[in-house]
Amino acid sequence: MEFSAEQIAGILEGEVHGNEQVTVSGLSKIEEGQPNTLTFLSNMKYEPHIYETKASIAIVAKTFIPTKSIPSTLTLVKVEDPYSCFAKLLEVYNQMHQKAPQIERNAFIADSAKIGEEVYIGANAYIGENAVIGNNVKIYPNSFIGDNVKVGDGTTIHPNVSIYHECVIGKSCLIHAGAVIGSDGFGFAPNEKGEFQKVPQIGNVILEDHVDVGANATIDRATLGSTVLRRGVKIDNLVQIAHNVEIGINSAMAAQAGVAGSTKIGKSVLVGGQVGISGHIKISDYTQIVAQSGVPGSVKKPNTTLMGSPAIPMDDYKKSFVGFRRLPSILKRLQEIEEKLK
């Protein structure tokens with residue numbers, strides 16, 4: 001589908017500078033722009049590319065003033081915030097590629113399940129007993145929705161997702177391929193012989209509205225009660241969330257991070273890739289944890305940036321690291337002093 005510069009400006013409440021009727025049918029990065037594509041300029045370090053790009057339309061800030069001549073084939077659409085406007089267009093583009101409502105062949109839906117309106121259910125998907133699927137939900141092929149699961153309006157569940165029994169998924173959530181929600185928490189107790197006996201995990205998982213879960217992420221069900229991801233939480237690929245964890249609103253966690261059981265994470269916390277967070281601790285609001293850090297204890301002070309393993313305030317870590325790098329020369333000098341003393 002093609003869009004003209006005039007139509008794009010209308011969607012974004014922008015101003016056209018150039019040919020209003022030029023059309024685009026695809027998107028591109030500004031440094032790789034091709035004819036008939038739309039691009040954007042937000043980070044000004046990429047400004048040199050706008051004078052060379054082959055893209056047909058570029059979204060720029062209203063304050064942008066070219067310092068050189070832009071290509072005659074390029075039309076500008078000026079907006080308040082190029083990045084957010086481009087994201088809005090990406091969402092429109094994404095919606096155009098969504099599946100039309102239908103129930104494909106070989107999908108299994110239990111007689112007791114309740115299915116909303118305008119729902120897409122792909123081939124070989126399984127909907128269990130008493131499951132409730134809201135309106136405008138999309139469940140892609142080979143996904144499993146267990147007994148008594150509730151899925152809110154507008155949620156998309158990609159292929160090969162498994163949502164175990166009793167779990168609750170809010171509105172407008174996005175769950176990517178291979179994610180597992182509601183698998184057992186890692187609960188075992190040794191008996192008198194030293195053998196591990198399984199502790200039944202009878203809780204569930206609750207995802208509130210607008211939660212995103214990345215591909216192959218795993219969120220364990222609670223032993224008792226619920227594992228909870230609050231509104232707006234974003235979980236990247238390959239993240240592990242253990243039993244009874246709670247994550248506050250608008251927090252985000254990058255790939256390969258892991259949170260051990262019963263930890264409570266505050267709101268707007270940012271967790272870098274491969275971070276490990278111990279169990280039964282609390283992380284205060286607005287905490288930022290740098291990639292590959294390890295957090296063994298509670299973070300009591302809000303708005304703290306941590307780095308290292310065990311994680312400490314980032315400024316302290318940087319000072320410590322300078323000393324660590326100098327250790328070889330310090331040891332050498334110490335040995336020289338010892339030799340002189342002998």
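In this predicted model, Tyr317 and Phe321 sit together in helix H4, which covers residues 314-325. The two are 4 residues apart, or about one turn of the helix. How do their rings sit relative to each other, stacked or edge-to-face? A pair of aromatic rings is described by the distance of the centres and the angle of the planes. Going by the rule for ring pairs, the count comes to 8 aromatic pairs. For Tyr317 and Phe321, the ring centres are 6.1 Å apart and the planes make an angle of 15 degrees, so this pair is stacked; the cut-off for that label is an angle under 30 degrees. Both residues are partly exposed: Tyr317 has a relative accessible area of 25%, and for Phe321 the value is 37%. Elsewhere, ring pairs also link Phe40, Tyr83 and Phe86 into a cluster.

Helix H4 also meets another helix. Two packed helices are described by the angle between their axes and the distance between the axes. The axes of H4 and helix H5 (residues 327-341) come within 4 Å, and they cross at roughly 50 degrees. H4 and H5 are therefore oblique to each other. Which residues of the two helices meet? On the H4 side they are Gly323, Phe324 and Arg325, and on the H5 side they are Leu327, Pro328 and Ile330. Sorted by class, the residues of this contact are 4 nonpolar, 1 polar and 1 charged.

Helix H1 and helix H3 (residues 82-96) pack with their axes 10 Å apart, at an angle of about 110 degrees. With that angle, H1 is roughly perpendicular to H3, because angles from 65 to 115 degrees get that label. H1 brings Ile8, Ile11 and Leu12 to the contact, while H3 brings Cys85, Lys88 and Leu89. By class, the contact of H1 with H3 holds 5 nonpolar residues, no polar ones and 1 charged.

Next come the strands. How many strands form the open sheet? There are 9, and the pairing is parallel. Their order across the sheet is E10-E13-E16-E19-E24-E27-E30-E33-E36. At the edges stand strand E10 (114-115) and strand E36 (282-283); each has a single partner strand, so one side of each is left without a neighbour in the sheet.

Strand E13 (residues 132-133) runs parallel to strand E16 (residues 150-151), and 2 bridges join them. In this pairing, Val132 has Lys150 of E16 as its bridge partner. Further along, E19 and strand E24 (residues 204-207) also pair in the parallel sense, over 2 bridges, with Leu207 in E24 as the bridge partner of Ile169. On to the next neighbour: E24 is joined to strand E27 (residues 226-229) by 4 bridges, and these two strands run parallel as well. Here Asn204 stands opposite Ser226 in E27.

Most residues other than glycine have a negative phi, and most peptide bonds are trans. Glu13 has a positive phi, near 55 degrees, although the residue is not glycine. Glu13 lies in the loop between helix H1 (5-12) and strand E2 (15-17). Is Glu13 buried or exposed? With a relative accessibility of 69%, Glu13 counts as exposed. Ser172 likewise has a phi near 55 degrees, a positive value in a residue other than glycine. Ser172 is found in the loop between strand E19 (168-169) and strand E20 (174-175), and at 32% relative accessible area Ser172 is partly exposed.

The peptide bond between Ser309 and Pro310 is cis, with omega about 0 degrees. Where does Pro310 sit? Pro310 is in the loop between strand E39 (305-307) and strand E40 (312-313).

One more loop residue is Gly18, which sits between E2 and strand E3 (23-24). Gly18 is exposed, at 56% relative accessible area.

How values were computed
Residues numbered from 1 in each chain as written. Predicted model: local features only at pLDDT ≥ 70, side-chain atom pairs only at ≥ 80, totals over all residues. Heavy atoms only, no water. Pairing = 2+ DSSP bridges. Buried < 20%, exposed > 50% of the residue type's maximum accessible area, 1.4 Å probe, protein only. Phe/Tyr/Trp six-rings, centres within 6.5 Å; stacked < 30°, edge-to-face > 60°. Axes fitted to C-alpha atoms, helices over the stretch in contact; angles between N-to-C directions. Parallel < 35°, antiparallel > 145°, perpendicular 65-115°, else oblique. Contact = heavy atoms within 4.5 Å. Nonpolar A, V, L, I, M, F, W, Y, C, P; charged D, E, K, R; others polar.
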